Structure formats: C-alpha cells, structure tokens
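Please read them with the structure open.

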Amino acid sequence: MIVQSVRTMSLDQAHEAPALARLVAAAEVGGAPPDDEIPLYAPRRKIYPQSVHGTFRTIKWAAVVVTLGIYYLLPFVRWDRGANAPSQAVLIDFPDSRFYFFFIEIWPQEVYYLTGLLILAAMILFLMNAVAGRVWCGYLCPQTVWTDLFFSIERLVEGDRREHMQRDRQRWTIETYARKGMKHFLWLMLAWWTGGAWVLYFADAPTLVKELATGEAPFVAYAWVGILTFTTYTLAGHMREQVCLYMCPWPRIQAALTDEFALNVTYRYDRGEPRCSAKKAEQLRAQGQPAGDCVDCLQCVHVCPTGVDIRGGADLGCIQCGLCIDACDNVMTKLGRATGLIAYDTDINIKRRMEGKQPFVKMMRLRTALYAFVITVAGSVMLYTLATRDSEGISVIHDRNPMFVRLSDGALRNGYTIRIVNKRLQKREFIMGFDGLPATLIDFVGLPPRGDGQMLLDVGPDQTREVRVLVTDYGARPLPSTPIIFRLTDVATGKQTEASDHFFGP
Ligand code: SF4
Ligand code: SF4
C-alpha cells in the first residue's frame with residue numbers, strides 16, 4: 001500500500017520525497033537501478049522549511065522556552081551549602097574535583113553515581129521511545145531546539161520558504177548579501193550566547209559573567225566560549241538535518257528499540273489513498289469510486305525540518321516533531337475534512353481500521369513495564385545510596401617498590417600511603433588505628449608518636465588528608481603476605497570505617 005501511494009507521485013514530487021519514493025519513482029521511468037549504481041551518499045538538498053501554526057508547533061515553542069529557560073537560568077540558582085562550599089546549585093568544579101547538584105555533592109571516587117545517572121537517562125529515553133517514538137529528538141534534543149531557533153532567525157531575515165527560495169534562485173543583489181550577512185550575524189550572536197551559558201556551569205556564574213564582560217576571565221573561559229560558539233553555529237546553522245541523518249546514532253538505535261505498538265507520526269494511508277484533488281475526489285465519490293483525503297499539496301513535506309515525506313512510511317530522517325501533523329490538519333480544516341490524516345498512530349491501527357476493527361493504544365506492554373521497572377529500581381537504589389552514603393572514607397595504597405624492607409635488626413617494614421576523606425562541611429577529628437599483626441610498630445611519618453599505635457588526625461571541611469605510614473613487624477612471621485586493617489574512628493560520633501591491605505615479607 002505504501003509503495004502504491006509512492007507510485008502516484010510525479011517525478012517533481014518524488015524529488016521531495018525520501019529515498020524509497022525516489023527509487024520507486026525511478027523504477028516507473030526506467031526500472032530500478034542496479035545496486036552498484038545507487039550512490040552511497042545522497043547529495044545534500046537545501047531544505048527550506050515553511051513556517052506552520054498548530055498544536056505541535058505550540059508544544060515545540062513551549063519546549064524551546066522551558067529547555068532554554070532551564071539552560072540559561074540554572075547557573076544563577078543559588079543553594080546554601082554553608083561557608084566552606086560554593087553556593088551555586090549546579091556546578092562542575094574542576095579545580096576541587098567536585099560535581100554539585102543542589103543537595104548532592106559527588107566526589108571523584110563516587111563517579112559511579114554518574115554511571116547510574118546515565119543508565120537512568122538511557123532508560124527514560126527508551127521508555128519515551130516505546131510510548132511515543134522519538135519524543136526526545138522532536139522536542140528536547142539540543143540540536144533540534146537550536147536548529148529550530150536558527151530556522152526562525154532565517155525566516156525572519158530571508159523570508160518564509162517561497163520567498164527565501166525565490167531569493168536564492170535569483171541573481172544575488174546587495175540586498176541579498178545584506179540579508180545573508182544579517183542572518184549569519186544573528187546566528188553567531190545566538191551561538192555565542194549558547195557557548196557563554198555553558199561555561200557558567202564550570203565557575204561561579206555571576207562572578208564569571210562580570211569577569212567575561214570586563215576582560216578579566218581566565219583565557220580558558222574565552223577559549224571555550226569561542227569553541228562552543230563555533231560548534232553551535234556550524235551544527236545548528238549549517239549542518240542542521242545532516243546531524244540527525246548522518247552523525248547521530250539515536251535514529252539507528254531507536255529503529256532497533258521500537259515496536260509495532262509505539263505511537264509514531266504516521267500518515268494514515270488507509271484514509272489518504274488514493275490521492276487526488278478535492279474536485280477529483282468529489283467526482284470519484286459521486287461515481288462510487290474510492291478517493292483518498294490526501295490532496296497531494298505537499299504541505300507536510302514543505303514544513304518538515306529534515307525534508308522527509310512522511311507519506312513514504314517510517315523514515316530514519318523523521319525526528320517526530322509533529323509539524324507535518326499541523327500542516328496537514330490546517331489543509332484538512334480548510335477543505336472542511338476531519339483532521340488527523342497525519343497523526344500519532346501505529347501501523348497496527350491502520351490495518352485494524354482497514355479490516356473494520358476498532359483502533360487501540362497499548363501503553364502497558366512488556367517492554368514499557370520493564371523500562372519503568374528498571375527506572376524505578378535504578379532511581380531507588382541511587383536515592384538510597386545517596387541518602388545513606390558515608391561522610392568519611394579511608395583508602396590505602398601499598399608501596400610498590402620495594403614491597404618490603406629488611407631492617408638491620410632483622411625486622412620487616414612495609415610502607416603505605418593512606419588518604420582520609422571528610423565529606424562534611426565542618427572540620428573533623430579521627431583516630432586512626434591498625435589491626436592484623438601482633439608485634440608491630442606504627443610510625444606516622446612527620447607526626448609526633450603516641451606510643452599506642454594510634455594517631456589523632458584532623459581533616460578540614462570537605463577535604464582529604466594524606467598520611468604516610470610505616471609498619472614495622474618484630475614478630476616471627478612465617479607467611480609471605482598477612483592481611484591487615486587500617487581503622488578510622490570519628491572522635492565525635494564513634495563511627496568506624498575500615499580499609500584492608502596486606503603486610504608483605506620475603
Ligand atoms: S516527517 Fe513530520 S514529524 Fe517527521 S520530521 Fe518531518 S515534519 Fe517532523
Ligand atoms: S499535507 Fe496532508 S493533504 Fe497535503 S500532501 Fe501532506 S498528507 Fe496530503
């Protein structure tokens with residue numbers, strides 16, 4: 001049926017359509033080209049997306065406002081963590097190796113939380129895809145959001161689709177150059193704002209804004225603003241749909257993840273075919289012959305930001321933005337026909353309608369239940385571990401070369417580097433002790449000896465402290481390796497934390 005609908009295109013229309021349509025149209029005039037004549041890379045066609053009004057356009061504008069609002073304002077949101085920590089709610093603090101997200105502070109050794117966040121994000125993406133296709137691509141992806149804004153600037157300066165195409169076809173005048181110059185200037189300004197906002201996540205935002213404006217910011221900040229300005233200008237201004245078609249892996253991944261029950265932007269060919277003009281449809285219907293609702297006006301293709309003809313069926317280039325739904329609904333409304341010729345639907349429903357059965361939407365399926373389950377479990381585990389994680393830590397590194405030293409009196413000595421972590425925002429005192437070898441002497445290098453094999457250590461707020469420890473064994477030790485334990489006790493609370501290692505001998 002899809003191929004049949006494609007066969008009704010003229011060659012001009014087929015040029016606007018996706019690969020399948022072009023191949024079938026080519027087959028109409030001279031037979032399908034042999035495989036070795038099909039080019040591996042289709043030459044780029046410049047896309048002039050037409051503006052459109054409607055429900056999905058409004059949703060897209062709302063998504064642009066919300067996502068950009070969050071992106072630009074978030075660095076300025078404050079979060080009081082006390083005197084010894086930054087007050088920016090979301091901050092990637094490279095100099096101190098910390099990531100702050102409101103009440104959460106991630107240390108470098110807790111990078112597994114970021115792994116958990118990535119798993120959670122992937123599962124949410126999979127769930128969105130299983131319910132309503134590429135919602136992320138159509139409404140939330142930064143490439144889509146910025147390309148949308150760049151298109152709006154282009155339309156504002158160079159006119160809507162028809163006007164812009166006409167200008168590009170005609171001989172370029174001073175006005176054409178002036179318009180193009182203005183467009184690129186505005187694009188660069190928008191790209192510059194993007195780069196500028198991104199660096200605000202890496203330093204105190206109000207301070208950095210002041211420094212950037214007065215030329216006092218570090219060189220690396222200017223460099224990153226420049227790099228991000230250039231990449232945004234290139235990706236959203238020049239490469240646009242090419243990023244979605246060739247660079248992004250998500251279309252391929254989602255094609256493997258989707259199933260027949262996922263709602264996708266779908267041309268209801270059961271209703272649209274055979275295509276014919278409104279007048280012809282009236283005549284055919286009067287004669288009792290079938291006539292579809294699609295009037296072949298190509299409005300759905302003209303508004304598409306990736307140049308897809310959704311009537312050719314599922315297409316990797318379709319980012320599921322829903323703009324073709326708005327375009328077609330507007331056409332149907334003008335013709336006095338029911339809207340929804342293109343809509344979020346499934347091929348199963350199309351087949352059911354053709355068989356005279358009721359269409360249905362099946363949200364609860366094994367895969368959606370599974371994704372929801374994994375999201376709940378991963379989210380709960382992360383929340384639990386975050387809420388109950390230790391506010392102190394101890395790690396031990398044994399000296400590598402040499403592993404042990406024999407002293408002149410026959411005793412064996414091993415060296416260790418011990419790192420104590422205090423994640424609280426107050427200074428804390430710890431007693432460090434040792435277990436595992438009965439006849440030992442513990443020497444905390446650079447610290448006064450206490451005589452009881454323990455040491456009182458203070459660690460500053462939100463800091464780590466490194467201590468060199470030499471353990472000397474005077475006993476008769478037959479084993480080449482003996483397990484030992486370093487124990488840290490919080491003086492205020494009595495809470496203990498341990499780290500194990502080994503004492504090595506010949
Ligand atoms: S075919 Fe429709 S939903 Fe898909 S990208 Fe084009 S306009 Fe958006
Ligand atoms: S906008 Fe609707 S009527 Fe026009 S070509 Fe597309 S599907 Fe057919």
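1. Ligand 2 is surrounded by 13 residues, a residue counting when one of its heavy atoms lies within 4 Å of the molecule. Cys294, Cys297, Leu298, Cys300 and Cys328 are the closest. At least two residues of this shell come from each of α16 (299–302) and α17 (323–335); helices are DSSP runs of H or I, at least four residues, numbered from the N terminus.

2. This is a predicted model, in which local features need pLDDT of at least 70, side-chain atom pairs count only at pLDDT 80 or more, and totals for chains, interfaces and linings use all residues. Residues are numbered from 1 along each chain as its sequence is written, chains are lettered from A and ligands numbered from 1 in the order written, and side-chain values use heavy atoms, with hydrogens and water left out.

3. By class, the shell around ligand 2 has ten nonpolar, one polar and two charged residues. The shell around ligand 1 has nine nonpolar, three polar and no charged. Ala, Val, Leu, Ile, Met, Phe, Trp, Tyr, Cys and Pro count as nonpolar, Asp, Glu, Lys and Arg as charged, and the others, Gly among them, as polar.

4. Residues around ligand 1 include Cys304, Cys318, Cys321 and Cys324.

5. Helices α5 (residues 112–132) and α19 (residues 366–388) pack at about 155°, their axes 9 Å apart; axes are lines fitted to C-alpha atoms over the stretch in contact, and angles run from 0 to 180 degrees between N-to-C directions. That makes α5 roughly antiparallel to α19 (angles over 145 degrees).

Key: Parallel < 35°, antiparallel > 145°, perpendicular 65-115°, else oblique.
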